[in-house]
Amino acid sequence: MDLEIRHLRVVYAIAEAGSLTRAAVALGMTQPGLSAQLRRIEAMLGGALFDRGKAGAAPTPFGDLVVQRARAILPGVDALLADTARAARRATAADRVRLGSVGAPLLGGLVLAVRQALPGAEVTSRCQYSPAPLLDDVAAGRLEAAVLGDHPDQRLPPREGVVLAPLVTEPVFALLPAGHPLAAQAEVSLAQLADEDWALPRPDHDRTGEYWSSVAALTDRRPHTPYEAEGRQLVELIRAGLAVSLCQATYIEVPGTAVRPLTGNPLWYRHVLAWHRDGPLAAHGEAILRDVGTGYLETCAESPAYARWRAHHPHAAQPSGACPESAADLG
């Protein structure tokens, strides 16, 4: 058996932990399995590496030599693996771009922008309600880019290697049954909605419910929320006249629903694009941000309530085109 990098990692882990039991936990191994592997390494190298006793495991003089060499070698190996992983990610993603999205009106524009930037790439996408897992996937290289969102004072946490590019911050609107008396108004207040039954998404990592509740608490009345739903199920509850809710300003009314601005614009939502700094989209970030912003403006025009709101707030909720924020910038 030849000495391998994994053997050096075992020896180094034991030296750092000071005991086989703690090292086994760190390595995700059983203690008997680690003991057996250490015996094989010692037989291969030709001497005992650790003195084992009740106090733990301490390197022998021979073992200290091996530990010092491992300490010198492993950082370079890890750097090599990281560099090759980044290079492989670029090479693979040049042929395939994986996108993620929360429930926001930006995914179509993002797909078109990526196809424009990388015309030969296969583009795939998947959606989910919470932005937190999508951000994790971008950071881990499981996605090349994602449409995310957050709220004031609840910004997305910076992640190593991830570029966060805010696109636009827009108001949150009320979503009502079309036949609701409040739908006859140009705008509604949270106080007027306080006595209604509400349908809200289930609590999730994006803390949307926490943010909405904190603002609603300013009315000194706690909304009654008998319905927990999201997506189509939430819309069906509204259409049936059973509840009211909130929605993004770009939500396009479907038959049976009415979208109205909230008086005073107390709630806001920020659209954010994220991509990996070492990924294939890094060189095209500014162009993609610009193209997605153009698509956002087209979506705004398809939402009558939002179009009217924007006409009265011409300087608000414009795509920023601002410089992307990286983890370093946000730190």
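Visitor: Where does Asn265 lie?

Guide: In this predicted model, Asn265 lies in the loop between S10 and S11.

Visitor: Why is Asn265 called buried?

Guide: The relative accessible area of Asn265 is 17%. Buried means under 20%, so Asn265, at 17%, counts as buried.

Visitor: What is the phi of Asn265, and what kind of value is it?

Guide: Phi of Asn265 is near 50°, which is a positive value in a residue other than glycine. Most residues other than glycine have a negative phi.

Visitor: How do you know that Thr250 is buried?

Guide: Thr250 has 5% relative accessibility. The limit for buried is under 20%, and Thr250 is therefore classed as buried. Its place is in the loop between S9 and strand S10 (257–260). Not counting residues up to four places away in sequence, Thr250 touches Pro105, Glu170, Tyr296, Thr299, Cys300, Ser303 and Tyr306.

Visitor: Why is Glu196 called partly exposed?

Guide: Partly exposed covers the range between the limit for buried, under 20%, and the limit for exposed, over 50%. Glu196 stands at 24% relative accessibility, so the term partly exposed applies. Glu196 is found in the loop between helix H7 (190–193) and strand S7 (197–200).

Visitor: Which residues are in contact with Glu196, leaving aside its neighbours within four places in sequence?

Guide: They are His180, His224 and Val244.

Visitor: What makes Arg69 exposed?

Guide: The relative accessible area of Arg69 is 56%. Arg69 is found in helix H4 (residues 61–93). Its C-alpha atom is separated by 9.5 Å from that of Tyr12, 57 residues apart along the chain.

Visitor: Is Pro177 buried or exposed, and how do you know?

Guide: Pro177 has 8% relative accessibility. Since buried means under 20%, Pro177 is counted as buried.

Visitor: Where is Pro177 found, and which residues does Pro177 touch?

Guide: Pro177 is found in strand S6. Not counting residues up to four places away in sequence, Pro177 touches Ala183, Ile238, Gly241, Ala243, Val244, Gly256, Thr257 and Ala258. Pro177 and Ala240 are 63 residues apart in sequence, but 7.2 Å apart in space, C-alpha to C-alpha.

Visitor: How much of the protein chain is buried?

Guide: Buried residues make up 45% of the 331 residues. In soluble globular proteins, nonpolar side chains tend to be buried together. Here, the largest nonpolar core has 73 residues, and those with the most contacts inside it are Leu99, Leu148 and Leu193. Strand S6 gives the most to this core, with eleven residues. A second, separate core of 17 residues includes Leu38, Leu49, Phe50 and Val67.

Visitor: Which residues are in contact with Leu193, leaving aside its neighbours within four places in sequence?

Guide: Leu193 is in contact with Ala174, Leu176, Leu182, Val188, Trp198, Val244 and Leu262.

Visitor: What makes the lining of the second largest cavity nonpolar?

Guide: The lining consists of Leu110, Ala145, Leu273, Ala274, Trp275, Leu281 and Ile288. Leu, Ala, Trp and Ile count as nonpolar, so the lining divides into seven nonpolar, no polar and no charged residues. Strand S11 (residues 268–276) gives the most to this lining, with three residues. The volume of the cavity is about 40 Å³.

Visitor: What is the volume of the largest pocket?

Guide: The largest pocket has a volume of about 590 Å³. Of the 26 residues that line the largest pocket, the closest to its centre are Gly103, Tyr129, Leu246, Cys247 and Gln248. By class, the lining has 16 nonpolar, eight polar and two charged residues.

Visitor: Which strand supplies the largest share of the lining of the largest pocket?

Guide: Strand S9 supplies the largest share, four residues. Strand S6 (162–177), helix H8 (208–216) and helix H9 (231–239) are among the elements that each supply at least two residues of this lining.

How values were computed:
Residues are numbered from 1 along each chain as its sequence is written. This is a predicted model: local features need pLDDT of at least 70, side-chain atom pairs count only at pLDDT 80 or more; totals for chains, interfaces and linings use all residues. Side-chain values use heavy atoms; hydrogens and water are left out. On a 1 Å grid over the protein atoms alone, a cavity is a set of points where a 1.4 Å probe fits but cannot get out, and a pocket is an open set with protein on both sides within 12 Å along at least five of seven lines; lining residues have an atom within 4 Å of a point. Grid points are joined across faces, edges and corners, and a volume is the space filled by probe spheres set on the points. A nonpolar core is a set of buried Ala, Val, Leu, Ile, Met, Phe, Trp, Tyr and Cys residues joined through side-chain atoms within 4.5 Å. Buried means under 20% relative accessible area, exposed over 50%, partly exposed in between (1.4 Å probe, protein chains only). Contact means heavy atoms within 4.5 Å.
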